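Hi,

Here is the structure I promised to pass on. Have a look at it first, and then read my notes on the rings, the helices and a couple of single residues.

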Amino acid sequence: MPTPTLLFVHGALVRDGDWWWSRTADLLRQRTGIESRAVALPSCGETDGGGGDLADDAAALRRALDGTTSAIVVGHSYGGTVIAEAGPHPAVRHLLLVSSYLPEVGSTQGSIMSTEPDPVTIRPDDSGRIVLDGYDVASFGARFLQDADEATQQAAWERTTAQDLRAFGTPTSAAGWSGVDSTAIVCTEDRSTTVGLQRLHAARATRTVELPTGHHPFITRPDLVVEQIEAVLAQANWA
């Protein structure tokens, strides 16, 4: 079995996935030798086209997978919906979903979030995109990264971005998580996504782990995330 590549699919309304994943990437490389990289999402304006919907984000993930022979794919929040839409791929050996979703075919990101009692507030901008509404660095940090220091909260705030509205309204046409070995991480101190919604989706994964962190454990507790990846690697079918 070749050493797997790890692909990170970040959440909604942010950019620069390599930054979000970097603390875990560094520790993972140090402890296992595995290289990581983030998938650039068109809907977040990270590609030359300047925009795209859920299908475009899924196509970007599939192109990244086409360049690998063995991969672990990590989806954070909206990233799990991207993984679902990407459908099955022969390179994928394991999925790690972090405070994320394993949506059934026909679901939209908007419908998944619509059941939350205190949803993250968003608003449209003037170009058919959506942005966070009513947040500043302090309120953003308190909701999404309460377990990080102020400097990290500031750096994260600077990486929020507008996102194509279609990413939230496009129904999924595939369930790329189905039939794939997977681990769902439920973040029990998450102030962005309720534990109940996380557990609902985590029940569809092969196994579930609960961690006492906020929404971004790969930033605040990279050691705990790397432990889960090491557990995957230790499975007999990876030998």
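Let me start with a cluster: Tyr135, Phe140, Phe144 and Trp157 are linked by ring pairs. Rings of Phe, Tyr and Trp (its six-membered ring) count as a pair if their centres lie within 6.5 Å; planes under 30 degrees apart are called stacked, over 60 edge-to-face, and the rest tilted.

Before going further, two notes on the source. This is a predicted model, in which local features need pLDDT of at least 70 and side-chain atom pairs count only at pLDDT 80 or more, while totals for chains, interfaces and linings use all residues. Residues are numbered from 1 along each chain as its sequence is written, and side-chain values use heavy atoms, with hydrogens and water left out.

**Aromatic pairs**

The structure holds eight aromatic pairs. In one of them, the ring centres of Phe8 and Phe218 are 5.2 Å apart and the planes stand at 65°, so this pair is edge-to-face. Phe8 belongs to strand β1 (residues 5-9) and Phe218 to helix α9 (residues 217-220), so the pair ties together parts 210 residues apart in sequence. Helices (H or I, at least four residues) and strands (E, at least two) are DSSP runs, numbered from the N terminus. Both Phe8 and Phe218 are buried; buried means under 20% relative accessible area, exposed over 50%, and partly exposed in between (1.4 Å probe, protein chains only).

Phe140 and Trp157 form a tilted pair, at 5.4 Å centre to centre and 55° between the planes. Phe140 sits in helix α5 (residues 137-144) and Trp157 in helix α6 (residues 150-157), 17 residues apart. Phe140 is buried at 3% relative accessibility, whereas Trp157 is partly exposed at 24%.

**Where α5 meets α6**

The axes of these two helices, α5 and α6, come within 9 Å and cross at roughly 105°. Axes here are lines fitted to C-alpha atoms, for helices over the stretch in contact, with angles from 0 to 180 degrees between N-to-C directions. On the α5 side, the contact (heavy atoms within 4.5 Å) is made by Val137, Phe140 and Gly141; α6 brings Gln153, Gln154, Ala156 and Trp157.

How many residues of helix α3 (residues 79-86) are buried? Eight of the eight are, so α3 is largely enclosed by the rest of the structure. Its buried residues pack against β1, α2 (54-66), β3 (71-76), β4 (92-98) and α4. Gly87 follows α3 and has a positive phi, near 75°.

In helix α8 (residues 195-202), the buried residues are Val195, Leu197, Gln198, His201 and Ala202. They cover an arc of only 165° around the axis, which puts them on the same side of α8; the arc is that of the directions from the helix axis to the C-beta atoms. Among the elements covering them are α4 (109-113), β8 (182-187) and β9 (207-211).

**Two single residues**

Ser192 lies in the loop between β8 and α8 and is buried, with a relative accessible area of 11%. Leaving aside neighbours within four places in sequence, Ser192 is in contact with Glu116, Val120, Arg143, Phe144 and His215.

Ala167, in helix α7 (residues 166-169), is buried with a relative accessible area of 0%. Not counting residues up to four places away in sequence, Ala167 touches Ser43, Asp53, Leu54, Tyr78 and Gln109.

Best wishes
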